[in-house]
Amino acid sequence: MISHTAALQTATLEYLAAHQAELSLDASADRIATMIQTIGEPPAISLTTLRQRHGEAIHDVYRQAVTVGQEAAPAVVSTLRTAQHIVLVTNQITESKVVDFTQRPNLRGTFRAVFPKVDEYQLVPGDTEKILAAANAADAVFLLTQNIQNSNNDMVRWAKQLPAAACRKTIGISVRNPYDQVHMPRLAGYYALYEPAPIEIAVLLSHWFTGQPLSGQLPVTLAP
């Protein structure tokens with residue numbers, strides 16, 4: 001149960017307690033207990049060990065998850081293939097205290113393995129004009145968004161300031177919530193990763209550079 005704050009967790013537990021009968025929680029608990037009796041208790045094993053044992057399967061899931069929200073036009077992809085200088089812009093994360101963001105530097109490293117010059121900016125009040133100037137000067141711009149409708153709207157406001165020429169070379173990448181795309185209708189393309197995993201960025205880059213198809217499917221309908 002990911003509720004991010006103690007207040008939300010408490011409210012969720014209170015709701016479950018008040019609606020236990022209609023939610024059939026007892027029946028669900030009985031099914032889980034029966035399943036455990038059938039297959040046995042899960043072994044005591046560390047997450048690190050599980051990752052080591054099932055690394056290839058994990059990578060396959062990541063590779064299959066990358067989803068086209070709005071495919072970038074061929075002219076945009078052609079620009080990416082020759083780009084010398086790109087800018088990464090990430091939104092300020094404020095709503096979550098429990099998610100591990102340690103992979104973010106690895107995302108930057110994945111881009112740097114492909115593009116000669118990569119500048120990264122976290123969009124914070126006071127820096128918006130500087131970042132806008134950097135975006136205008138770059139060959140390509142990537143907006144790495146994360147639940148922008150739940151955090152501050154600085155990213156949305158900033159993106160609306162992008163002139164048409166900058167929008168035509170700017171691609172949005174949602175690294176958590178695919179709904180981010182509806183807030184960025186003017187961008188040249190949009191892709192959903194669902195998690196900030198470096199391997200998913202690598203798959204996305206391979207899609208642009210080699211034409212590798214993306215097999216991910218949006219689990220929701222995106223409506224304005």
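This is a predicted model: local features need pLDDT of at least 70, side-chain atom pairs count only at pLDDT 80 or more; totals for chains, interfaces and linings use all residues.

Mentor: Residues are numbered from 1 along each chain as its sequence is written, and side-chain values use heavy atoms, with hydrogens and water left out.

Trainee: How many helices and strands does the protein chain have?

Mentor: Helices (H or I, at least four residues) and strands (E, at least two) are DSSP runs, numbered from the N terminus. The C-alpha atoms of the chain fill a box of roughly 60 × 35 × 30 Å along the principal axes. Within the protein chain there are ten helices and six strands.

Trainee: Among contacts with a separation of 6 or more, what percentage comes from residues 24 or more positions apart?

Mentor: Contact means heavy atoms within 4.5 Å. Among the contacts in the protein chain with a separation of 6 or more, residues 24 or more positions apart account for 73%.

Trainee: Is Phe111 buried or exposed?

Mentor: Phe111 belongs to helix 6 (residues 104–112). Not counting residues up to four places away in sequence, Phe111 touches Ile86, Leu88, Val118, Phe142, Leu144, Ile173, Ile201 and Leu205. Because its relative accessible area is 0%, Phe111 is classed as buried.

Trainee: Is Pro42 buried or exposed?

Mentor: Pro42 is placed in the loop between helix 2 (25–39) and helix 3 (47–53). The C-alpha atoms of Pro42 and Ala21, which are 21 residues apart along the chain, lie 28 Å from each other. Since the relative accessible area of Pro42 is 61%, the class is exposed.

Trainee: Which residue's side chain is joined to that of Glu120 by a polar contact of 2.3 Å?

Mentor: Glu120 sits in strand 3 (residues 117–123) and is partly exposed because its relative accessibility is 29%. Neighbours within four places in sequence aside, Glu120 is in contact with Leu88, Thr90 and Arg108. A polar contact is a pair of N or O atoms within 3.5 Å; within protein, one must be able to donate a hydrogen and the other to accept it, and residues adjacent in sequence count only if both atoms are side-chain atoms. The side chain in the 2.3 Å polar contact with that of Glu120 is the one of Arg108.

Trainee: Which residues does His183 touch beyond four places in sequence?

Mentor: His183 occupies the loop between strand 5 (170–174) and strand 6 (189–192). With a relative accessible area of 29%, His183 is therefore partly exposed. Leaving out residues up to four places away in sequence, those it touches are Ile148, Gln149 and Val156.

Trainee: What is the phi of Asn147?

Mentor: Most residues other than glycine have a negative phi. Asn147 lies in the loop between strand 4 (140–145) and helix 8 (154–160), and its 14% relative accessibility is why it counts as buried. Although Asn147 is not a glycine, its phi is positive, at about 50 degrees.

Trainee: What is the phi of Tyr194?

Mentor: Tyr194 is located in the loop between strand 6 and helix 10. Its relative accessibility is 23%, so Tyr194 counts as partly exposed. For this residue other than glycine, phi is positive and near 75 degrees.

Trainee: At what angle do the axes of helix 4 and helix 10 cross?

Mentor: Axes are lines fitted to C-alpha atoms, for helices over the stretch in contact, and angles run from 0 to 180 degrees between N-to-C directions. The axes of helix 4 (residues 55–65) and helix 10 (residues 198–210) come within 9 Å, and their crossing angle is roughly 45 degrees.

Trainee: Which residues of helix 10 does helix 4 meet?

Mentor: On the side of helix 4, the residues involved are His59, Tyr62, Arg63 and Ala65. The residues they meet in helix 10 are Ile199, Glu200 and Val203.

Key
Buried means under 20% relative accessible area, exposed over 50%, partly exposed in between (1.4 Å probe, protein chains only).
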